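Let's take a walk through a protein, from its packed inside to its open spaces.

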Amino acid sequence: MTIPVAKLSNPAVRALVGAINSGDPTAFFAALTTDATMSDDGSDRPLAAWADREIFSSRGHMDVQAEKDGGLALIANYRNDTWGEMKTSWRFTVEGGQVSRFETGQA
């Protein structure tokens, strides 16, 4: 069962997932702190380049299946035009109402 974005518990995570699903890079970066970091499958990546490649230029989309830890941990079916669909885990750190770090990878 998919959890609608509007029902996600954490407002900062909800804003980030909403930006991903609407393909809106302006909203995506507004949901992040200016010094936000991320990792993919355990390796830190340059956030802007990763987001362009994995989300915006490849039409990335998250269907959230479960959330834990007050909405800071998600399991989602993630798909894009490059890799197709896969089950992924997402972990978020939120500071001051914005995401300061996220870690994602195959679940």
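This is a predicted model: local features need pLDDT of at least 70, side-chain atom pairs count only at pLDDT 80 or more; totals for chains, interfaces and linings use all residues.

Start with the largest nonpolar core, which has 27 residues. Inside this core, F28, M62, L74, W90, F92 and F102 have the most contacts. Helix α1 (11-22) gives the largest share, six residues. Two or more residues also come from each of β1 (32-40), α3, β3 (61-68), β4, β5 and β6.

Now zoom in on F28. Leaving aside its neighbours within four places in sequence, what is F28 in contact with? The list runs L16, A19, I20, L47, A51, I55, F56 and F102.

Next, hop over to N80 in strand β4. Is N80 buried or exposed? N80 counts as buried because its relative accessibility is 6%, and the cut-off for buried is under 20%. Look at what its side chain does there: a polar atom of the N80 side chain lies 3.0 Å from the backbone oxygen of E54. The N80 side chain also reaches the backbone nitrogen of T82, again at 3.0 Å.

E54 turns up again at our last stop, the largest pocket, where D40, D41, E54, W83 and M86 are the closest to the centre among 15 lining residues. The volume of this pocket is about 240 Å³. Its lining takes at least two residues from each of α3 (47-56), β4 (73-80), β5 (84-95) and β6 (98-106).

How values were computed. Residues are numbered from 1 along each chain as its sequence is written. Side-chain values use heavy atoms; hydrogens and water are left out. On a 1 Å grid over the protein atoms alone, a cavity is a set of points where a 1.4 Å probe fits but cannot get out, and a pocket is an open set with protein on both sides within 12 Å along at least five of seven lines; lining residues have an atom within 4 Å of a point. Grid points are joined across faces, edges and corners, and a volume is the space filled by probe spheres set on the points. Helices (H or I, at least four residues) and strands (E, at least two) are DSSP runs, numbered from the N terminus. A nonpolar core is a set of buried Ala, Val, Leu, Ile, Met, Phe, Trp, Tyr and Cys residues joined through side-chain atoms within 4.5 Å. Buried means under 20% relative accessible area, exposed over 50%, partly exposed in between (1.4 Å probe, protein chains only). Contact means heavy atoms within 4.5 Å. A polar contact is a pair of N or O atoms within 3.5 Å; within protein, one must be able to donate a hydrogen and the other to accept it, and residues adjacent in sequence count only if both atoms are side-chain atoms.
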